[in-house]
Structures are given as C-alpha cells and as structure tokens.
Amino acid sequence: MALRSQIQNILVYKFLKVNSVPVRYRKPKWVPLAKSKEFYVRKPTPIDPEEYSMLNFCYSQYRAEVKSIRQFLHEQLLNKQENLSVQQVSDDAHDLMSMEEQVLEWNKKVAVTRNARLAEEMKLEEERIKQIEKERAERKLQKKIEAEKKLKKNIAMSSEFITSITADKLDAEIEKLLDSRSDYNFAITKSGDILKGEFPQKPTTSK
C-alpha cells in the first residue's frame with residue numbers, strides 16, 4: 001500500500017508539474033516596504049583594478065577584431081555582388097541576343113508560310129472573280145439572246161398584224177383594241193388545272 005501511495009503521489013506531482021503554469025505572486029501596491037528592507041542599501045561589487053584593466057583591454061581587442069572581420073566580410077560580399085551583377089548582365093545580354101535570333105528566325109518562317117498562304121488565297125480569289133465574271137457574261141449573253149428572240153418575235157407579229165389590217169378594217173381594229181381587256185386572274189383546281197379569267201368556266205369531263 002505504501003508503494004502504491006508513493007507511485008500515486010509521484011504521478012500527481014508530475015501531472016501538476018506538466019500542467020501547471022508558473023506564477024510570480026507580487027504584493028499589492030498599497031502594502032508598505034518590508035521592515036527588513038526598509039533601510040537596505042546595496043553595497044557595490046568590489047572590482048579588482050588589474051582585472052578591470054585586463055578586461056577592458058581584452059574587450060577592446062575583441063571589438064576591433066570583430067569590426068575587422070565584419071568589414072572584411074562586407075567587402076567580400078560587395079565584390080561578390082559586383083561580380084554577380086557583371087556576370088548577370090553578360091548572361092542577360094547573351095540571353096537577349098539568343099532570344100532575338102530565335103524571334104528573327106521564327107519571323108522568317110512565319111513570313112514564308114504567310115506569303116505562301118496569301119499567294120494561294122489571292123490565286124483562289126482571282127479564280128473566283130473570273131468565275132463570277134464568266135457567269136455574269138454568260139447570263140448577260142443569254143439575256144441578250146432571249147431579248148433578241150423576243151424582239152424578232154414581236155417584230156414578226158407586228159408585221160403580220162400590220163399586213164393583215166387593211167384601210168377598210170382600220171377603224172374596226174382600233175375599236176377592238178380599245179374595247180379589249182387584259183385579264184390576269186386565274187384559279188387552280190385540286191387536280192392542278194389552271195383556269196384563266198376572272199370568272200373561269202368549270203372544265204367539262206368527258207366520260
């Protein structure tokens with residue numbers, strides 16, 4: 001039992017030690033100074049003059065050495081930065097030159113392909129324009145031929161009409177033309193037959 005209680009106490013102590021937060025308790029401001037410290041005056045630490053002079057000499061030597069080391073490292077860093085900057089500038093110039101050469105070579109290749117494409121497109125456009133002009137000329141010629149045919153037909157009809165009219169029938173023909181009426185109305189049956197006139201007649205079916 002005693003061993004068990006000791007183990008429990010150790011575990012509780014370790015748990016409290018791990019989970020505890022150190023706190024420095026101070027007395028309140030209104031509590032006066034302790035009587036044991038009321039007339040306390042701190043005595044200065046005694047200093048050996050030889051030891052003090054030796055410490056001053058060693059410290060001044062240490063500061064001088066550290067300062068020289070810092071200055072040396074600073075100069076080395078500046079020289080390294082200058083060398084790096086010069087090397088960087090040269091590397092950048094070389095990279096720019098190589099990139100410029102690559103861009104010029106790429107521009108030449110693109111110019112060749114672009115010129116070939118433009119030439120092909122121009123050729124196709126010229127062929128298309130020629131085809132359009134040819135079709136337009138063919139349509140114009142066809143219209144001209146049809147107009148000439150109609151003109152010849154009208155001339156033939158008018159000549160026949162003029163030759164068929166005599167001086168005796170002239171007045172009658174004029175009256176006939178004045179009384180004639182052009183009717184453009186027509187109707188279409190379910191079977192697709194066209195019946196002309198405003199009042200068309202129903203077609204007769206033969207049995």
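Glu121 and Arg117 are both part of helix 2, where four residues, or about one turn of the helix, separate them. Helices here are DSSP runs of H or I with at least four residues, strands are runs of E with at least two, and both are numbered from the N terminus. The side chains of this pair meet in a salt bridge, at 3.4 Å from N to O; the term denotes a side-chain nitrogen of Lys or Arg within 4 Å of a carboxyl oxygen of Asp or Glu.

The model is predicted: local features need pLDDT of at least 70, side-chain atom pairs count only at pLDDT 80 or more, and totals for chains, interfaces and linings use all residues. Residues are numbered from 1 along each chain as its sequence is written, and side-chain values use heavy atoms, with hydrogens and water left out.

The chain contains three helices and two strands, which follow one another from the N terminus as α-α-α-β-β. Of its 207 residues, 1% are buried. Buried means under 20% relative accessible area, exposed over 50%, and partly exposed in between, with a 1.4 Å probe and protein chains only.

Helix 2 spans residues 49-164 and includes Leu73. Together with Ile69 and Phe72, Leu73 makes a nonpolar surface patch of about 320 Å². A patch of this kind joins nonpolar side chains (Val, Leu, Ile, Met, Phe, Trp, Tyr) within 5 Å, and like charges are joined within 9 Å; its residues have over 30% relative accessible area and no salt bridge. Leu73 counts as exposed because its relative accessibility is 51%.

The whole structure holds three salt bridges. In the pair described at the outset, Glu121 is partly exposed at 40% relative accessibility, and Arg117 is partly exposed at 44%. A second bridge links the side chains of Glu105 and Lys109, at 3.9 Å from N to O. Because these two residues are four apart in helix 2, about one helical turn separates Glu105 from Lys109. Glu105 is partly exposed at 45%, whereas Lys109 is exposed at 51%. Another joins Arg128 to Glu125, with the closest N and O atoms 2.5 Å apart; Arg128 and Glu125 lie three residues apart in helix 2.

UniProt, in an unreviewed entry, places a "coiled-coil region" at residues 115-154. In the model this span is 100% helix and 0% strand, and its end C-alpha atoms lie 57 Å apart.

Terms used:
Accessible areas come from the Shrake-Rupley method with a 1.4 Å probe; for residues, only the protein chains shown count as cover. UniProt positions are given in the numbering used here, feature names are shortened, and annotations may be inferred rather than shown by experiment.
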